[in-house]
Amino acid sequence: MTRPQSRILPQVTADSRAFWSGGAEGELRIYRCHNCGRWFHPPVGVCFRCRSRDVAPEAASGRATVAALTVNHHPWFGEVFPPPYVVAIVELAEQPDVRLTTQIVDCPVEDVHIGMPVEVDFEQHDDVWVPVFRPAASTTATRNGGNQ
Ligand SMILES: [Zn+2]
């Protein structure tokens, strides 16, 4: 599937800046609580589990698993965002209850399935790096002893 030429971009806040700019260094930055150790998303200045304010963004591995998906066929955004494309919820490898709503790219829409291993990639639009996910390249290599 082709990638969109543009996107409707988020309004970046102080809390979300690390998430939207991490792609400049190739990092998926997710907030983590230094008190209880849990990751959480979306980014806010307080841990919703233990209420600690000792939280900060940290680079996650970028590995994830497709938990849910839908294939959009409607041309909502015309030629700049041509269908079909997959909108998915992915669970991060670090902690499955940390989920991102994202797009699965670099893969035929019919090949995307629940349980599929994916890895993060970024699309830069202005000063925002949108995290998207593509099929994990390492699935076969890892099984054969590679460490890609
Ligand atoms: Zn906490």
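Me: How do the residues of the lining of the largest pocket divide into nonpolar, polar and charged?

Reply: In this structure, which is a predicted model, the lining of the largest pocket divides into twelve nonpolar residues, four polar ones and one charged residue. That lining comprises 17 residues, and those lying nearest the centre of the pocket are Arg7, Thr101, Thr102, Gln103 and Val130. The elements that each contribute two or more residues are helix 1 (17-21), strand 5 (85-92), strand 6 (95-104) and strand 8 (128-135).

Me: Which strand gives the most to the lining of the largest pocket, and what is the volume of the largest pocket?

Reply: Strand 6 gives the most, with four residues, while the volume of the largest pocket comes to about 460 Å³.

Me: Now to the metal: which residues coordinate the zinc ion, and what arrangement do the donor atoms around the zinc ion make?

Reply: As a general idea, the ideal angle for four tetrahedral donors at a metal is 109.5 degrees. Here the zinc ion is held by the SG atoms of Cys33, Cys36, Cys47 and Cys50, at 2.3 to 2.4 Å. The four donor atoms subtend angles of 102 to 121 degrees around the zinc ion, and the arrangement is therefore tetrahedral, since the test asks that all angles lie between 85 and 135 degrees. Along the sequence, the donor residues follow the spacing C-x2-C-x10-C-x2-C.

Me: Is Cys47 buried or exposed, and what is the relative accessible area of Cys50?

Reply: Cys47 has a relative accessible area of 1%, and because buried means under 20%, Cys47 counts as buried. Cys50, with a relative accessible area of 29%, is partly exposed.

Me: How should I read a sheet, and what is the order of the strands in the open sheet of three strands?

Reply: In general, the strands of a sheet pair through backbone hydrogen bonds, in either a parallel or an antiparallel way. The open sheet of three strands in this model has the order 2-1-3, and its pairing is antiparallel. Strand 2 (39-40) and strand 3 (55-60) stand at the edges with a single partner strand each, so one side of each has no neighbour in the sheet. Strand 1 (residues 28-33) pairs with strand 2 over two bridges in the antiparallel sense, and Trp39 in strand 2 is the bridge partner of Arg32.

Me: What is the phi of Arg51, and is Arg51 buried or exposed?

Reply: Arg51 is a residue other than glycine with a positive phi, near 65 degrees, and its place is in the loop between strand 2 and strand 3. At 69% relative accessibility Arg51 counts as exposed, because exposed means over 50%. Asp126 likewise has a positive phi, near 55 degrees, and lies in the loop between strand 7 (117-125) and strand 8. With a relative accessible area of 64%, Asp126 is exposed.

Technical notes: Residues numbered from 1 in each chain as written. Predicted model: local features only at pLDDT ≥ 70, side-chain atom pairs only at ≥ 80, totals over all residues. Heavy atoms only, no water. 1 Å grid on protein atoms, 1.4 Å probe; cavity = no way out; pocket = protein on both sides within 12 Å on 5 of 7 lines; lining within 4 Å. Points joined across faces, edges and corners; volume = space filled by probe spheres on them. Nonpolar A, V, L, I, M, F, W, Y, C, P; charged D, E, K, R; others polar. Donors = N, O, S within 2.8 Å, 3.2 Å for Na, K, Ca; no water. Tetrahedral: all angles 85-135°; square planar, octahedral: opposite > 155°, others 65-115°. Buried < 20%, exposed > 50% of the residue type's maximum accessible area, 1.4 Å probe, protein only. Pairing = 2+ DSSP bridges.
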